Amino acid sequence: MSQPRLNVSRRDFARLSAAGVLSGVSVPWFETLAQAASIRRPRGKNCILLWMDGGPSQQHTFDPKPGGEFRSAATSVPGIHIVEQLPQLAQCMNDMAILRSMQTQINDHYDAKYYLHTGFRRITGFEHPAIGCIASHQLGTPNDDMPAFVTIDAGYDIRNDGGRLYRSVPAYLGPQHSPLAVNEPSRGLENLRQANSDLDARLEMLAGSEQRFAREYPLPAVSAQQSAFNRAVRLMQSPRARAFNLDAEPASMREAYGSHRFGQSCLLARRLIEAGVSFVEVFHRGWDDHNGAARNMILRAPWLDLAMATLIRDLKQRGMLDDTLIVWMGEFGRTPGDGNGHFSNAWSTMWAGGGINTGLVVGRTSERGRNAGGTVTERPITPPDYIATLCLALGIDIRQEFHAAGSRPMPVADHAAQPIRELLR
Amino acid sequence: MSMRRILLGSVFLLAALAGSKLHAQTKDAPPYKPAANADEALTRIEELGGIVRRAAPKDDALEVDFRNSTVTDAHLQYFHSLKMVTVVRLRETRITDAGLVHLGKITTLKRLHLEKTAVTDAGMQHLTGLKELDFLNLFGTAVGDAGLDHLKALPKLKSLFVFETKVSASGIAKLQMSIPGLQVVPDPVQDRQRAEAAWKLAKSALDEAERKLAAVKKDAEESAPKAAQLKRELDEATKKSADAKKKSDDANKKWNDAGKRANDLKTPEAKQLAAETKKMFDEAQMAFKSAQAASQATQQQFQKASNAKKLAEEAQKHLESYRILEEDARKRLASFTRGD
């Protein structure tokens, strides 16, 4: 096959071949040929992933223990308690689900980040696509003005760096599913301005020369460069790019999310989802609290509580919460007690909205004893379970296979995955 | 013309560029042309920039998403050619009350998004035939209580969104009487209750943090003068311990020498001397151990006294966080009293 690889399922592949697409004949996008019954694109669910890089402490957030450093407090759902340092979030519990039994085996930052972003262990010589790229591939609209996957860097607060940052890689899904990166939420896409009035003429000239090159060298790197370039041009000319500009938001709304960069990132994430982006990953760095989780968590609590509670409430009142899954997590939790060390054996993540079952807790950790919270006592959740559930919650079929290099079939989620059924409707 | 015309098989820049230029220039939608069958209707919908999805993985139900499309009222007639449409998204499109006439005939419809469109009270009467509708989003429209009155006819309605509309609390209450179990968002009564609960929690955490700060401050004040005294005591104890160690080491050496001598000579006098030096070493070692323990205890007291200041500083910093948490929660609660 001399054409750049198309990342479609086997069934689509057959249909596309039949339609003449792969022979280079110009035909409209295959959906327009499809019978109503053959439409496969899932319902438009979106996801905002809030990634706390370095590993947030479960006992100082969503799984407090008696005698722990933080007191626990009642939430809006009777019987569910979280720490008292998140008062507004506690009142959003009806729209949240806490997953307390994460059991993920890897205590090393980078390998854990990879595992929790892909559902597969990191191995030499093979790259798995990140969940954001999978969502872009499955939920995004091809050739849309807006990118399907955007990452936002919410920066540092405390420089407790958890090693190298994981960058989402589309791997065999194709370069068009790489995220568009926003480095500073308040500046949006700074370079997204047309500098010269003769841009169109310049682009056409460039296209002419590039076309020949692409024909002679149909390599993945060439199509990667071109897909990134095309995307930038499309976005630059689209009125929808306004979504990247936070100044367009009323001052009261900007204030409601909090002046902290994390809050502004959450607001930007909401604007992007509203404008048609399928997956936004906001990462906030410096959660590797080897010098004690309590003292750092209390400093983070005000902006974390305000931003997340506002995000949930804002999406809800706009009628978007049902279609937008919010996921709060890091690569692992922290040791029971003071939270000084890495801890992958029993830790928590939080999901909200997304049309999943909410107002509940999945799993349980040991309540008493010398090492309370040290073990999972109910429904351990592995990374494959986790990613499979996330895919299903977003409407992605986990039984389908992608084709990695050499036509190697790769499942969306590991075959051993046991999705968390109690979360799914 | 639309993005749909972009050729899938081609990754060439020219094609994409031409597509985007045309798209950017397109202001008007292609005019409505009747569709002969479902396939034609789907094609037309996609020409408008609409996206058709499967509403659920296990059945044939469809979702039609017109967000960011050029759809107008007349185009909604394409729905007459489609079966099993359960979700329709029209957010921020140019549709008006006239378009709702066509939507009102999609009897399979479960979720309808009309947010930020020009629909009004008058349009709501066209929706009364949607007996399966369970989700209706009217956020950012001009709909008011009169429009809500028509929605009484929707028996399965479970979620209704009226943020930034003209709907009043009494209008909501009246509708909720007619449709038991209907959740209306926002729900000012529930939101206020939750804001109050959040503030109470934040307040109690702040009070606790203040108590803690007072305690550590008191501790720090008391131990500040003590710290200097303890430092002197610590120096003294350290010196005493060092002296005792030296004595113990000397005694140990003497005993070693005497022991060796006794081994060589094997005389009763030598043995006697060895036993005596052993006793002296034991005593010296005991004295050293107790001096060392005393020094360590003083060290701990001193550490505690000098840490008290640091703890007080940290507690002060943490109190600021609890203050912000309380202030934010209070502000939110106050917004309900002001009637925001």
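Trainee: Does A:Leu219 count as buried, partly exposed or exposed, and what is its relative accessibility?

Mentor: First, a caution: this is a predicted model. Now the residue. A:Leu219 counts as partly exposed, because its relative accessibility is 45%, and the partly exposed class runs between the buried limit of 20% and the exposed limit of 50%. A:Leu219 sits in a loop of chain A, between α5 (199–216) and α6 (220–237). Together with A:Phe213 and A:Tyr217, A:Leu219 makes up a nonpolar patch on the surface. The accessible area of the three together is about 300 Å².

Now go inside. In soluble globular proteins, nonpolar side chains tend to be buried together. The largest nonpolar core here has 70 residues. A:Leu50, A:Phe262, A:Leu272 and A:Leu304 touch the most other members. Helix α9(A) gives this core its largest share, 12 residues. Take A:Leu272 as an example. Leaving out residues up to four places away in sequence, A:Leu272 touches A:Met146, A:Val150, A:Ile152, A:Ala243, A:Phe244, A:Val277 and A:Val280.

Next, charge. Side chains of opposite charge can pair when their charged atoms come close. Over all chains, the count is 53 salt bridges. Consider A:Asp63 and A:Arg100. Their closest N and O atoms are 3.6 Å apart. This pair links distant parts of the chain, 37 residues apart. A:Asp63 lies in the loop between β1 (46–52) and β2 (72–74) of chain A, while A:Arg100 lies in strand β4 (residues 96–102) of chain A. A:Asp63 is buried because its relative accessible area is 5%. A:Arg100 counts as buried too, at 13%.

A second bridge joins A:Arg270 to A:Asp314, at 2.8 Å from N to O. A:Arg270 is in helix α8 (residues 261–274) of chain A and A:Asp314 is in helix α9 (residues 293–317) of chain A, so this bridge ties together parts that are 44 residues apart in sequence. A:Arg270 has 1% relative accessibility, so A:Arg270 counts as buried. A:Asp314 is buried as well, with a relative accessible area of 2%.

B:Arg91 and B:Glu92 form a salt bridge through their side chains, 3.2 Å from N to O. B:Arg91 is buried, at 4% relative accessible area. Salt bridges with shared partners put these residues into one network. Its members are A:Glu249, A:Arg270, A:Arg271, A:Glu274, A:Asp314, A:Arg318, B:Arg91, B:Glu92 and B:Glu115.

What of chain B as a whole? Its secondary structure comes to eight helices and seven strands. Chain B has 340 residues, and 41% of them count as buried. It exposes about 18200 Å², with 55% of that from carbon and sulfur atoms. Among contacts in chain B with a separation of 6 or more, 57% join residues 24 or more positions apart.

Last, a hairpin in chain A. Strands β15 (residues 401–404) and β16 (residues 408–411) of chain A pair in the antiparallel sense, over four bridges. A:His403 stands opposite A:Pro409 in β16(A). Three residues separate β15(A) from β16(A) in this hairpin. In the turn, A:Gly406 has a positive phi of about 75 degrees.

Definitions and conventions
Residues are numbered from 1 along each chain as its sequence is written. Chains are lettered from A and ligands numbered from 1 in the order in which they are written. This is a predicted model: local features need pLDDT of at least 70, side-chain atom pairs count only at pLDDT 80 or more; totals for chains, interfaces and linings use all residues. Side-chain values use heavy atoms; hydrogens and water are left out. Patches are made of residues with over 30% relative accessible area and no salt bridge: like charges are joined within 9 Å, nonpolar side chains (Val, Leu, Ile, Met, Phe, Trp, Tyr) within 5 Å. Accessible areas come from the Shrake-Rupley method with a 1.4 Å probe; for residues, only the protein chains shown count as cover. A salt bridge is a side-chain nitrogen of Lys or Arg within 4 Å of a carboxyl oxygen of Asp or Glu. Helices (H or I, at least four residues) and strands (E, at least two) are DSSP runs, numbered from the N terminus. Buried means under 20% relative accessible area, exposed over 50%, partly exposed in between (1.4 Å probe, protein chains only). Contact means heavy atoms within 4.5 Å. Two strands pair if DSSP finds at least two bridges between them. A nonpolar core is a set of buried Ala, Val, Leu, Ile, Met, Phe, Trp, Tyr and Cys residues joined through side-chain atoms within 4.5 Å.
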